[in-house]
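User: Could you walk me through this model in plain words? I'd like to look at it while we talk.

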Amino acid sequence: MSFSEKLKTNNKACVIGHPISHSLSPIIHNHWLQKYNIEGEYKAADVAPHELEEFLSNLTENGYRGCNITIPHKENAWKIISQSDKYQNNNSLPAQIAKFMEAVNTVVIDRETGEYLATNTDFIGYARSLIEAEPEFDYRNAIAFVLGAGGAAKAVIFALFSMNVGHIVVCNRTHDKALEIERIMRNSFQLGDDKISVVKWENRNEAVKHCNIFVNTTSLGMNKDGVAQGEVDVDISQMSKPAIVSDIIYNPLKTALLERAEKSGLSAVNGLGMLMHQAAPAFEGWYGKKPEVDEELRKKLLSNFGG
Ligand code: NAP
């Protein structure tokens, strides 16, 4: 079959990571393929770092319409794709987001040209999940505290900014990384001191008292082999109410942080919504159908946690 025929008829997609067996993405995309009766296939592929470039360059030849990319490949995938002659470099919002984040979680292959539209849907996933969980919250007048300054923090900060949250405070164990995110946000969107600031790690408990959204974007509290790895050491009990405490971790569904939030009478939002909502634009890009994040999908994912 010729390359152009493949572009038209390929119907596979996948998630690539290393390791990848824990990924919930196959449950999500196969739910939608079934629900909308679409002929397609979505699997997880374990791709080691040294195999990434070759895997990415042969997507069309191997029957793919695109792929998701997860830990540890998001940043390297950006470097590889943005330097490749297949890179679709345009001014569309999805393309600009990957440029801003310098990390890719979704590739959609253009079915006419074979070019790769590389994007990052984590920010839209986070924004949609928060609004879905707390639609009435006064985001415009809120002060958000973002713990962490890794890839996910960038997506969350961009989401909060796009939701017009009043002010964003960034705090990270490695202070320079928080300063770097602040610099990128200020330069990209001409933001001033009134919109974004950074606090030192040792001042986190004092700073969080003045905030009414707290987001954990670190890996603290995430389960590994069924055991939580560390715990978010921030006193959220003094936050100004009403307040939302959001943890983008979804395994476990209720982290120790969220348990404490509930005990303090704060709204607790887990990372499952972000996971489901970041998948929707990818599915739409590959299969042309805007999928619904429905209750049945939530149930399928919850049953995976024994819930
Ligand atoms: P990353 O780029 O590696 O960043 C990790 C962050 O965690 C850094 O800010 C790091 O601080 C901090 N950290 C790690 N160990 C720490 C410790 N012991 N004490 C204090 N801070 C610590 O990872 P990422 O891609 O941003 O992902 C972070 C988390 O988000 C992961 O758990 C991931 O599963 C989750 N996530 C969820 C979704 C979703 O859909 N729900 C999407 C994306 C990511 P330093 O800079 O000081 O090292």
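User: Hi! Where is Pro72 found?

Analyst: Look for Pro72 in the loop that links strand S3 (64–69) with helix H4 (74–82). Helices (H or I, at least four residues) and strands (E, at least two) are DSSP runs, numbered from the N terminus. Bear in mind that this is a predicted model, where local features need pLDDT of at least 70, side-chain atom pairs need 80 or more, and totals for chains, interfaces and linings use all residues. Numbering starts at 1 along each chain as its sequence is written, and side-chain values use heavy atoms, without hydrogens or water.

User: Thanks! Is the bond from Ile71 to Pro72 cis or trans?

Analyst: The peptide bond joining Ile71 to Pro72 is cis, and its omega is near 10°. The bond from His18 to Pro19 is also cis, with omega near 0°. Pro19 sits in a loop too, between strand S1 (12–17) and helix H2 (25–35). In general, most peptide bonds are trans.

User: Okay. What about Glu102, is its phi positive or negative?

Analyst: Glu102 has a positive phi of about 50°, even though it is not a glycine. You can find Glu102 in the loop between helix H5 (93–101) and strand S4. As background, most residues other than glycine have a negative phi.

User: Let's zoom out. How many helices and strands are there in the chain?

Analyst: The chain has 12 helices and 13 strands. Its C-alpha atoms fill a box of roughly 65 × 45 × 35 Å along the principal axes.

User: In what order do the five strands of the open sheet with mixed pairing run?

Analyst: The order is S2-S1-S3-S4-S5. Two strands count as paired if DSSP finds at least two bridges between them. S2 (41–46) and S5 (116–119) are at the edges with a single partner strand each, so one side of each has no neighbour in the sheet.

User: How many bridges does S4 make with S5?

Analyst: Four bridges link S4 (residues 106–109) and S5, in the antiparallel sense. Within that pair, Ile109 stands opposite Tyr116 of S5.

User: And which strands are in the open sheet of six?

Analyst: That open sheet has parallel pairing and the order S8-S7-S6-S9-S12-S13. Its edge strands, S8 (196–198) and S13 (267–269), each pair on one side only. Inside the sheet, S9 (residues 213–216) and S12 (residues 244–247) run parallel and are joined by four bridges. Phe214 faces Val245 in S12.

User: Switching topic: which residues around the ligand come nearest?

Analyst: Ala152, Asn172, Thr174, Lys177 and Ile248 come nearest, out of 23 residues around the ligand. A residue belongs to that group if one of its heavy atoms lies within 4 Å.

User: How far is the Thr174 side chain from an oxygen atom of the ligand?

Analyst: An N or O atom in the Thr174 side chain is 2.5 Å from a ligand oxygen. For Asn172, a polar side-chain atom lies 2.8 Å from an oxygen atom of the ligand. Leu275 uses its backbone instead: an N or O atom there is 3.4 Å from a ligand oxygen. Helix H7 (151–162) and helix H11 (272–287) are the elements that give two or more residues to the shell around the ligand.

Notes: Polar contact = N/O pair within 3.5 Å; in protein donor to acceptor, adjacent residues only side chain to side chain.
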